[in-house]
Each structure stands twice: as C-alpha cells, then as structure tokens.
Amino acid sequence: MMATFSPRTDQILLTSKQSSRNGKQVNNVIVHGWAGTSRSATIYTLVTDVNRQASVNYMIQDDWVGGSVPEEYRAWTSGSATYDQQAITFENANSGGAPEWPFSDATVNTLIDMIVDVARRYGKNRIVHGWMPQGSSTLGVIGHREVPSAATACPQSLYPRLTWLADTANAKLASGVLPPDPGNPEPPVAGTTYTVVRGDTLSAIAKKFSTTVAELVALNNIKNPNLIVVGQKLMVPGSNAIVPPEPTPPPTPGTIGVGSRVKLNSAVDYNGKKLAAFVMSNVYVVQELRGDRAVVGPQRTGAVTAAVKLSNLTAA
Ligand SMILES: [Zn+2]
C-alpha cells in the first residue's frame, strides 16, 4: 500500500474520503476552484467533514500545496467516478469573491508547476487542453465544467484560461525547466547513466552503448527486461570505466539524517493528525529534513508518505 504525493507537497492532510481507481491510469488533470478564499474552511469541507461527499488529490493556495487523497486513489471531486478515476484533481483558492472569482498569479503558477510535475512523473511527453483516453502519452487538462453532466461554473475565472494554462505547462515541460524538487537532491553522475525515452527498448539501448541486454540487466538489477519506463535512469557501461557514485557515509548510530532508514514511533503526522496504523509496521527512508520536520517515504526519491516530527522517528 503506497501513499504517493508530489515532492512539491508542503502539507499532507489525509482523509477517509477516497476510493479505488478501479485499475484506471492517470491521464488527466481536472482543475477546480474553491469558490472561496479560506484555507481552513476548504480543508474542513474536503478533508475533515465526513458528511460532505467531497475530497481532492491536491489543494493549492499561492505557493502552498496541500496533498489529501494519495495519487493511487480516486478523489471525490468532479461528480463523476469515471472522470475522477482517470485524473488527478486540483482545488485552487480564489483570491476574491463573486462575481469575478479571481485567482492569484502565485496560485496559477503553482498549478502550472504541479501539472508539469504530474506530466513528468507519469511519463507524459505533451500537455494539452482536453480529455485524454487511457494509454495516452499526452496529459489532458480540463476544467470541472467540461466533465459531461457537470452543471457548474467551476473553475470560474480559470475556465477561459485553460488552453493558455495547458500550453504554458506544455512549454515548461518541453523546456526541461524543473519545478523545485526537494526530494531529488542528487543529480546522476554524468556519463554513467542513460535516461529512458519513449520508444526505447533494452536491446536498442544495449546497441547504442555497444553492450548487451544481459549486461544492462545485471548492472541495473532489472527484474523484467521487457519492462522499462520513460524517465527511468539506467547505468550504462561507457567507454571509460564506470565511476561508482560517492559512497554516502552511513549516519552515525543513533542519529537520523536524509537517507536514514527509520520506523515511526507513533502513527501521527507532523501536525498531529492520525495516519493509517499500517505505517507503524513499515521501514521508511528520510527524504528531507528541515529542523524538526522530516519527510519520509518508501524510497529515496519521488513518493512521499508523510511529513512527521523528527522525534517520532527511530533508526531502523
Ligand atoms: Zn469543481
């Protein structure tokens, strides 16, 4: 059981209001507006209040990103199981009220960065305004009111800007400018890795680097040679000997740092909110540490499980 949130997430606010994706892949983003400016009121409605059948994958207000329903699960955001199963949903704070329902530039820019981040993590090579079918290599962006049968003005003043929004995200994706990614501080050692691109096969990569599939499989500890994914980094034998990455010194016994393997002492997050009991039985890796706030996840990069207090961790 995984709970994946973007590395850009500032705060994790788990909710019981979620369902299975029913085997569907993420191919789209659905944009919503809060119809309000109050973060606490929105969190109450979408996260806490079990009488309101409404939840969301992410909330955005200026440069704040709150993750609520983990990406593996369907959030109850758009009034359609079929649409929400195939999408990551975003609720965006208004910066004013009716009738304009404006959004701040900071909120819009954070939304664009999050859309680029989703496209990159799901191996999409293009972002467009429109709904994308299962299996598409393009990420679709639509507004709530474009979900058939939705009778809503949501996402208010963002609706006429959706084509611009998708085009801007697409340009950012194409330019390769990375949004901040605090979960991935170490660039790969130049010349020793190859990043898988669309259309690659292991045998084609082996040919490119004058090596064999067997050698790539052994070097990278690949379990299924038929399954490589776009964006995956592979060690390749170069003309020079492979320079092993600098060994990270093991943390001093008793101290916890980024990269430490840890267990949680109690199932609560940084803000004191309850986490699922199963987190107690897992070993996590510390991905980020700022003061007494540690972000832990199942591996060194990418997926994040929760932000917790440093004092809630024991070296595993
Ligand atoms: Zn909406």
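Visitor: Which residues in α3 meet which residues in α4?
Guide: In this predicted model, I112, I115, V116, A119 and R120 of α3 meet L165, T168, A169, K172 and L173 of α4, where two residues are in contact if their C-beta atoms, placed from the backbone, lie within 7 Å. Helices (H or I, at least four residues) and strands (E, at least two) are DSSP runs, numbered from the N terminus. Residues are numbered from 1 along each chain as its sequence is written. As the model is predicted, local features need pLDDT of at least 70, side-chain atom pairs count only at pLDDT 80 or more, and totals for chains, interfaces and linings use all residues.

Visitor: And at what angle do α3 and α4 pack?
Guide: The angle is about 55°, and the axes of α3 and α4 are 9 Å apart; axes are lines fitted to C-alpha atoms, for helices over the stretch in contact, and angles run from 0 to 180 degrees between N-to-C directions. That makes α3 oblique to α4, because angles under 35 degrees count as roughly parallel, over 145 as roughly antiparallel, 65 to 115 as roughly perpendicular and the rest as oblique.

Visitor: OK, new topic: how many residues does the largest nonpolar core have?
Guide: The largest nonpolar core has 41 residues, and V29, I60 and M114 are among those with the most contacts inside it. Such a core is a set of buried Ala, Val, Leu, Ile, Met, Phe, Trp, Tyr and Cys residues joined through C-beta atoms within 7 Å. A residue is buried if 20 or more other C-beta atoms lie within 10 Å of its own, exposed if 12 or fewer, and partly exposed in between, with C-beta atoms placed from the backbone.

Visitor: Which element gives the most to this core?
Guide: That is α3, which gives eight residues.

Visitor: What does V29 touch, leaving aside its neighbours within four places in sequence?
Guide: V29 is in contact with several residues, including A87, F90, I115 and V141.

Visitor: Now the open sheet: what is the order of its five strands?
Guide: The order is β15-β14-β13-β12-β16, with antiparallel pairing, and two strands pair if DSSP finds at least two bridges between them. The edge strands, β15 and β16, each pair on one side only.

Visitor: Last one: is N271 buried or exposed?
Guide: N271, in the loop between β12 and β13, is exposed, with 12 other C-beta atoms within 10 Å. The C-alpha atoms of N271 and Q11 are separated by 8.8 Å, although these residues are 260 residues apart along the chain.
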